[in-house]
Amino acid sequence: MSTPLLAVRDLRVHFNLGHAGLMPWTAARTLKAVDGVSFTLSAGETLGIVGESGCGKSSLARALIGLNPITSGSVRLAGRELARLPAAEWRSLRAEMQMIFQDPLSSLNPRMTIGAIIAEPLRSLYPETPRASVKAEVERVMARVGLLPNVINRYPHEFSGGQCQRVGIARALIVKPKLIICDEPVSALDVSIQAQVINLLRDLQREEGLALIFIAHDLAVVKHISDRMLVMYLGRVMEEAASDALFAAPQHPYTRALLSAVLIPDPARERAKTIQILEGELPSPISPPSGCVFRTRCPIAEARCAALAPALEAHGANAGHMVACIRAG
């Protein structure tokens, strides 16, 4: 069996919040943003990560690329351990893993031209590259993402949100990474522009052999681009399966509730479907529920759910369909 491009084992990202207010006699609080996540990603594969706001998707993404400190666990990129790497060694791996951020405009430096923005990773990681070669490479990736060469000296505020996101994609692409983490890259864009950006990412993946981690709220969008999907809730993985299998037969009650909210493009089927509304609000990651973290909103929870924290295990005959629920299915 070949070594996966990315292997994550029992990853935890906890933030120490100190004492509540001006009360030093109280216990120190810890926010458990990511609490024991494991998965693998092969070269050329797309893993979609979905879940409500506050479930830890972005914290996970930022930890993978080194922007959030890792509390414990293992992250291996092409067999190399990334957790707690020295800064110098992290720098040598930057070209292999890049990130596209959620807000296309705020992720770009407003004082730099888009040519300089796109060239920055290349100049930073490969400072010996001749200026003419840098310019040629910038023009190449601009053309590849659909930006005309005559806009190379314009500034981010002169572009639409979709064009700014194309700049962000070009910036990630210029160092020829093996993996790109897309942290909700289309959530701030119009629906028609979302489709263009997603199709662009799919084309780039096919042509460049990229692996993608694609984070989004819209499950229909994630299904369109992903090979496998990871469903997160309160820092933990509830279900993992191939995209088609997850949509066809979701096994976790949280996944079923999320999928029931996805619009069906058939008016008759959309009117006939039953929407599963989750009662209550997302618990605080500072004091998550005992046992199964989803039990306080689960429609099929039992008394034993408060004592048992279900492991993510294969369900049924499909070994690739993993569920963290004692009543899976």
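Glutamine 276 is partly exposed, with a relative accessible area of 35% (buried means under 20% relative accessible area, exposed over 50%, and partly exposed in between, using a 1.4 Å probe and protein chains only). The model described here is predicted, so local features were required to have pLDDT of at least 70 and side-chain atom pairs pLDDT 80 or more, whereas totals for chains, interfaces and linings use all residues. Residues are numbered from 1 along each chain as its sequence is written, and side-chain values use heavy atoms, with hydrogens and water left out.

Glutamine 276 is found in the loop that connects helix H10 (267–272) to strand E11; helices (H or I, at least four residues) and strands (E, at least two) are DSSP runs, numbered from the N terminus. Beyond its neighbours within four places in sequence, glutamine 276 is in contact with Pro253, Arg256, Ala257 and Ser260, where contact means heavy atoms within 4.5 Å. Its C-alpha atom is separated by 44 Å from that of isoleucine 174, a residue 102 positions away along the chain. The loop between H10 and E11 also holds arginine 304. Arginine 304 counts as partly exposed as well, at 42% relative accessibility. Ile326 and Arg327 are its contacts once neighbours within four places in sequence are set aside. Cysteine 292, 12 residues away in sequence, lies 9.3 Å from arginine 304, C-alpha to C-alpha.

Stepping back to the whole protein, 10 helices and 12 strands are present. Along the principal axes, the C-alpha atoms fill a box of roughly 70 × 60 × 50 Å. Of the 329 residues, 46% are buried. Among contacts between residues at least 6 apart in sequence, 65% join residues at least 24 apart. The accessible surface comes to about 15800 Å², and carbon and sulfur atoms account for 54% of this area; the areas come from the Shrake-Rupley method with a 1.4 Å probe, and for residues only the protein chains shown count as cover.

Eight of the strands form an open sheet of mixed pairing, in the order E6-E7-E8-E3-E9-E10-E12-E11; two strands pair if DSSP finds at least two bridges between them. Strands E6 (97–100) and E11 (313–315) stand at the edges with a single partner strand each, so one side of each has no neighbour in the sheet. On average, neighbouring strands of this sheet are turned by 25° against each other, direction ignored; axes are lines fitted to C-alpha atoms, for helices over the stretch in contact, and angles run from 0 to 180 degrees between N-to-C directions.

Strand E7 (residues 179–183) is mostly covered, with five of its five residues buried. In a regular strand the side chains alternate between the two faces of the sheet. In E7, Leu179, Ile181 and Asp183 point one way, while Ile180 and Cys182 point the other way. E7 pairs with E6 in the parallel sense over four bridges, and methionine 99 stands opposite isoleucine 181. E7 also runs parallel to strand E8 (residues 211–215), to which five bridges join it; here leucine 212 is the bridge partner of isoleucine 180.

Further along the sheet, strands E9 (residues 228–233) and E10 (residues 236–242) are antiparallel and share six bridges, with methionine 229 bridged to alanine 241 in E10. Helix H9 (residues 253–260) lies across both strands and runs at about 105° to E9.

Two further helices deserve a look. Helix H5 (residues 161–173) contains glutamine 165, which counts as buried at 1% relative accessibility. The side chain of glutamine 165 reaches the backbone oxygen of phenylalanine 101 at 3.2 Å. Apart from neighbours within four places in sequence, glutamine 165 is in contact with Ile100, Phe101, Gln102, Pro104, Pro185, Leu189 and Val197. Helix H1 (residues 57–64) is mostly covered, six of its eight residues being buried; these are Lys57, Ser59, Leu60, Ala61, Ala63 and Leu64. Glycine 66 follows H1 and has a positive phi, near 95°.

Methods
A polar contact is a pair of N or O atoms within 3.5 Å; within protein, one must be able to donate a hydrogen and the other to accept it, and residues adjacent in sequence count only if both atoms are side-chain atoms.
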